[in-house]
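Thanks for coming. I will go through one structure this morning, and I will start with a question once it is on the screen.

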Amino acid sequence: MAAAGAGVAPSSLLRRSLPSSPAPSNPPSSSAMPHRRAPPPLLSLTATPSRARFVAAAAAPDNGSASSYGNQTSLMPPFSSLMLDESSRSKKPYKWQRVLLKVSGEALAGDHTENIDPKVTMAIAREVASVTKLGVEVAIVVGGGNIFRGASWAGCSGLDRSSADYIGMMATVMNAIFLQATMESIGIPTRVQTAFRISEVAEPYIRRRAIRHLEKGRVVIFAAGTGNPFFTTDTAAALRCAEINAEVVLKATNVDGVYDADPKREPNARILETVSYNEVISRDLSVMDMTAVTLCQENNIPVVVFNLQNTGNIAKAIVGEKVGTYIGCTRNQDQSAESALDQERSLVK
């Protein structure tokens, strides 16, 4: 054996003897003995030098210096700045942050020389643009009375009410597309969503998508009413306002507000600054249909009725300035509600 091993290098003998060597009496320390479940070093996973440099650059701590490969996380703004932007946005001195503007079809007709007056649509677009730049989210519901009113045409030439209402819904889509084109011509990103599918010209109404559009600063125009006959666009405005969590319905019409009598018949009729829901229903004030008023009352949605033709009224109404008639809870109802809340808080304490 000695002669056979005379020609073998000592290092090879050492490698051959390692597997059969007895285990040491004292186990090695945890630092000396590798853990089988621990992953190997990052550099050992790389087969090429370029891959090793990339892994080393990714594993190295960020000390503010720009690397040759760049760091994608450095392109994102810090989380503190995002939180600052959200907090500053919520503290803006506006009465409402998200509003729903209801524009009647008759108001779009203007002086009624044409079905749609481009001057009226441009005035609406400019005032909405001035408000959206301030961070207020605006959704719009348009009527179709300037083109076709289903309730008026029902019964003519055998036209039933359901078919007439569907024709009126398509008229609102025409107004919505016209208003969208006007707004986008001055740089306002706008989306039209319809209650029934017309995918070639508009998006179908999807509640979460509409809310996402508003959060991104886009104006959303809701067309085709509720998608069902026997419901007016006023009811559609109240419904969409409740669905997208808007804070108010702003109804832009051809009158200055709600009067205590018909101003065409009573010259001494006076405008009402504040009206309660119950008063609108009990006195049958021709503001909105009863379904829309009841829906707003059940969801505690205030309604502001104002004149669309007065320049600046839309912007004033959106930011919460006093304009037209405010429909909601009266002062006595507000005081009783506050007293009830105070009683509940005292009982809880």
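Which residue is the bridge partner of threonine 194 in strand 4? It is proline 204. Please keep in mind that this is a predicted model.

That pair belongs to the contact between strand 3 and strand 4, residues 203–204, which run parallel and share two bridges. Strand 3 covers residues 190–194, and four of its five residues are buried. Strand 3 also pairs with strand 5, residues 219–223, again in the parallel sense, this time over five bridges. Within that pairing, glutamine 193 sits opposite phenylalanine 222 of strand 5.

Now the chain as a whole. It has 349 residues, of which 36% are buried. There are 13 helices and 11 strands. Taking contacts with a separation of 6 or more, 69% are between residues 24 or more positions apart. The exposed surface comes to about 21,500 Å², with 55% of it supplied by carbon and sulfur atoms.

The last stop is glutamate 127, in helix 5, residues 118–132. Glutamate 127 is buried and has no salt bridge.

What does lie by its side chain is backbone: the nitrogen of isoleucine 314 is 3.0 Å from a polar atom of the glutamate 127 side chain. Leaving out residues up to four places away in sequence, glutamate 127 touches Asn310, Thr311, Gly312, Asn313, Ile314 and Ala315.

That is what I have for today.

Note on methods:
Residues numbered from 1 in each chain as written. Predicted model: local features only at pLDDT ≥ 70, side-chain atom pairs only at ≥ 80, totals over all residues. Heavy atoms only, no water. Buried < 20%, exposed > 50% of the residue type's maximum accessible area, 1.4 Å probe, protein only. Lys, Arg positive; Asp, Glu negative; His and termini not counted. Salt bridge = Lys/Arg side-chain N within 4 Å of Asp/Glu carboxyl O. Polar contact = N/O pair within 3.5 Å; in protein donor to acceptor, adjacent residues only side chain to side chain. Contact = heavy atoms within 4.5 Å. Areas by Shrake-Rupley, 256 points an atom, 1.4 Å probe, with all protein chains shown as cover. Pairing = 2+ DSSP bridges.
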